[in-house]
Amino acid sequence: MRRMIGGALAGVLALAACGTADEPDTAGGDTGGTTAVKLQLQWFVQAQFAGYIAAVDKGFYREQGLDVQILEGGVDIVPQTVLAQGQADFAVAWVPKALASREQGAGITEIAQVFQRSGTYQVSFADSGIKAPADLKGKKVGNWGFGNEFELFAAMTKAGLDPGRDVTLVQQQFDMQALLRRDIDAAQAMSYNEYAQLLEAKDPKTGALYQPSDFTVLNWNDIGTAMLQDAVWANSEKLRDSAFQDTAVKFLTGSLKGWAYCRDNAAECRDLVVKRGSKLGASHQLWQMNEVNKLVWPSPGGVGVLDETAWKQTVDLALTTKNQDGQTVITKQPEAAAYTNEYVQKALDALKAEGVDVNGTSFQPTTVELKEGGA
Amino acid sequence: MRGVAGRRARTAVTAVAGVLLAVAVWELYKWVGADDGTSVLGVRVLPRADDAAMPHVLDVLRRFGEPELAGGAELDQGQVVGLVVLRACLFTLRAVAVGFGVGALVGLLLAVAMQRFRVVERGLLPYVVLSQTVPLIALAPAIAGWGGRLSLGSYPWQPWMSVATIAAYLAFFPVAVGMLRGLQSPPPVAEELMHSYAAGWWHTLVKLRLPASTPYLFPALRLAGAAAVVGAVVGEISTGTRGGIGRLVIEYSREATADPAKVYTAMLGAALLGLVVAGAVGIAELASNRRRAT
């Protein structure tokens, strides 16, 4: 989902540099006519990654001659580092964090932008009167740090606040207790996860579940400080090999078919995610699937295609927004090799030839009713 | 004989009483403590006592018997939390046992080497101490990364082996330091006696130093056991290794907002794991004492 230990990264990279040199080439490993491929996720299995899981379980990768192994993330697993070390062939990572890793020397290239929109909210109780970023002034503002806070900081900066002085910043935990108990006035929340946790909790005053009307949500997509999130990255060096380029196209073809499948079969994809061992409740997972679909669909330019305006906005914010330590995500423009739409376009051509709807223009999210505890 | 049986019964009663006392203190604090905790000058000095922060013991126990997945009974065949936690404990126990064993062995060998050669002690001991100051969050991903490239013969490296490596990394330290002290513990007189028997280094080690070090060994092993459990749990959280109790702690903690009792089931599981390891060391100590007594 998020959480990367930026400080540890440089050390890990340095350690990796003096690690073993004779690493096996995982992508080249042909096993009985299929190519073995490893995909590193950013977090535990959940509906956020449903498209890839569906592509494995429904055989979409197999159609492409790929045998894809999904590697789960952990608290200290930085997908782009795993990728740069050659431990995985592809990784799912947020764009700003991956750009930061690139600047520190990770040789990685974005090959598909799966989430077209940002899923991060800043949520507060409706009675706190926080209706715009400027209202955060003087409030206790929770955030996860580790590179997850830049949309919030950009919004505050845009509203004329100094994030270091005008608000009290609080490091947030994994759950939403701090907001519910009003230890903080505004909390960072993913639309597909923590926001749902709020709506699954009981209001002690009424004894009923909290309702969306109890909260106000600052949505960075509307405020204009959204940054690109889940994208597929590949190891730049491997990408120079034409055989690996084919693998990349095939991998994207399978993955994006999986995402199209989950758009049309949200409940079934939820079940696939649960079968993979996710521990979150049933209605919570369905909510997550539905919210993630909203981030992916509709895709006017085709699913997975990186929109250059959105990329530019992300890069500009990453260059200019300072966190409380006065640091920006990146210090110079990423060079041209940072992303390419070449492979995703080929994958889309293949999918269109198959008759798969790659735009989802008619996509309509459903309404998921959350139950107590995500049951 | 009656004395031994009586002592055992007393130990059992004390253990049960200890658990009951802990439960009583927990519930008592819940009863008298303020729901919002107690703050002095804006700093909370006493924790919150509401159900979200401190669920009733009974609720936690009840949670063990309920399906793991809220509302998902038909999705995962309705596995109860207790079973999932137990299975996770067994999974982690493997990493703990391997890590503990390897760590203790490495610690022992290091201690013997350091006792034998002063130059090794002077050169190595600072690094042994230094090794424990490396933060786990930097170490764990690196170990997981190296592990991905290794294999034991034809047997590929498994994620739990990375976890066992982290456990061993924490476990070797107390054994190395404690055993070094133990091996150095015989008084010069005893060493001179061995010398007068024309006993070589090996005989002195086996007949004098090792027996003399047992009072240092078992406390060191207790520490190593605890360190191995912590290392395995943290290692699982850090590297995202599926299947163990550390992973359950972090997975369940994500649901703490609406299902606080569930988090405590995993924590109790981790505590149980610590008790099992401590118990194993205790039994080993008992056996060792008995053998010496006969």
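## A kinked helix in chain B

A kink of about 55° sits at B:Thr214 in α8(B), shortly before the proline B:Pro215. The model is predicted. Helix α8 of chain B covers residues 201–239. A straight helix of 39 residues would span 57 Å at 1.5 Å a residue, yet the end C-alpha atoms of α8 are only 43 Å apart. Just after α8(B) comes B:Gly240, with a positive phi of about 70°.

The loop between α7 (188–196) and α8 of chain B holds B:Ala198. Phi of B:Ala198 is near 65°, a positive value in a residue other than glycine. B:Ala198 has 7 other C-beta atoms within 10 Å and is exposed.

Chain B is divided into domain 1 (2–54) and domain 2 (81–293). The C-alpha centres of these two domains of chain B lie 29 Å apart.

## Overall form of chain A

Chain A carries 14 helices and 11 strands. Its radius of gyration is 20 Å, close to the 21 Å that the globule rule gives for 375 residues, so chain A is as compact as a globular protein of that length. The C-alpha trace of chain A spans about 60 × 40 × 35 Å along its principal axes.

Buried residues account for 55% of the 375 residues in chain A. Take the contacts in chain A between residues at least 6 apart in sequence: 81% of them join residues at least 24 apart.

## Nonpolar cores

Which residues touch the most other members of the largest nonpolar core? They are A:Ala50, A:Trp233 and A:Leu252, in a core of 117 residues. Helix α10 (residues 242–264) of chain A gives the most to this core, with 10 residues. Domain 1 (6–116 + 227–374) and domain 2 (120–223) of chain A both contribute residues, so the core lies between them.

A:Trp233 is in contact with a run of residues beyond its neighbours within four places in sequence, among them A:Leu83, A:Phe90, A:Ile108 and A:Ile111. Apart from this core lies another, of 66 residues, including B:Phe91, B:Leu93, B:Phe172 and B:Val249. In soluble globular proteins, nonpolar side chains tend to be buried together.

## Helix α11 of chain A

Helix α11 of chain A runs over residues 266–275. Its buried residues are A:Ala266, A:Cys269, A:Arg270, A:Leu272, A:Val273 and A:Val274. The cover over the buried residues of α11(A) includes α2 (50–57), α10 and α12 (282–296) of chain A. Just after α11(A), A:Gly277 takes a positive phi of about 105°.

## Loops and backbone exceptions in chain A

A:Lys137 lies in the loop between β6 (120–125) and β7 (140–143) of chain A. It counts as partly exposed because it has 15 C-beta neighbours inside 10 Å. Not counting residues up to four places away in sequence, A:Lys137 touches A:Leu161, A:Asp166 and A:Val167. A:Lys137 and A:Asp166 are 29 residues apart along the chain, but their C-alpha atoms are separated by 5.4 Å.

Most residues other than glycine have a negative phi, and most peptide bonds are trans. A:Arg182 has a phi near 60°, a positive value in a residue other than glycine. This residue lies in the loop between α7 (177–180) and β9 (186–190) of chain A. With 12 C-beta neighbours inside 10 Å, A:Arg182 counts as exposed. A cis peptide bond joins A:Trp297 and A:Pro298, with omega about -10°. A:Pro298 is in the loop between α12 and α13 (308–320) of chain A.

Key:
Residues are numbered from 1 along each chain as its sequence is written. Chains are lettered from A and ligands numbered from 1 in the order in which they are written. This is a predicted model: local features need pLDDT of at least 70, side-chain atom pairs count only at pLDDT 80 or more; totals for chains, interfaces and linings use all residues. Domain bounds come from an automatic or database domain assignment. Helices (H or I, at least four residues) and strands (E, at least two) are DSSP runs, numbered from the N terminus. The radius of gyration is taken over C-alpha atoms; the globule rule is 2.2 Å times the number of residues to the power 0.38. A residue is buried if 20 or more other C-beta atoms lie within 10 Å of its own, exposed if 12 or fewer, and partly exposed in between; C-beta atoms are placed from the backbone. Two residues are in contact if their C-beta atoms, placed from the backbone, lie within 7 Å. The expected span of a helix is 1.5 Å times one less than its number of residues. The bend at a residue is the angle between axes fitted to the seven residues ending there and the seven starting there. A nonpolar core is a set of buried Ala, Val, Leu, Ile, Met, Phe, Trp, Tyr and Cys residues joined through C-beta atoms within 7 Å.
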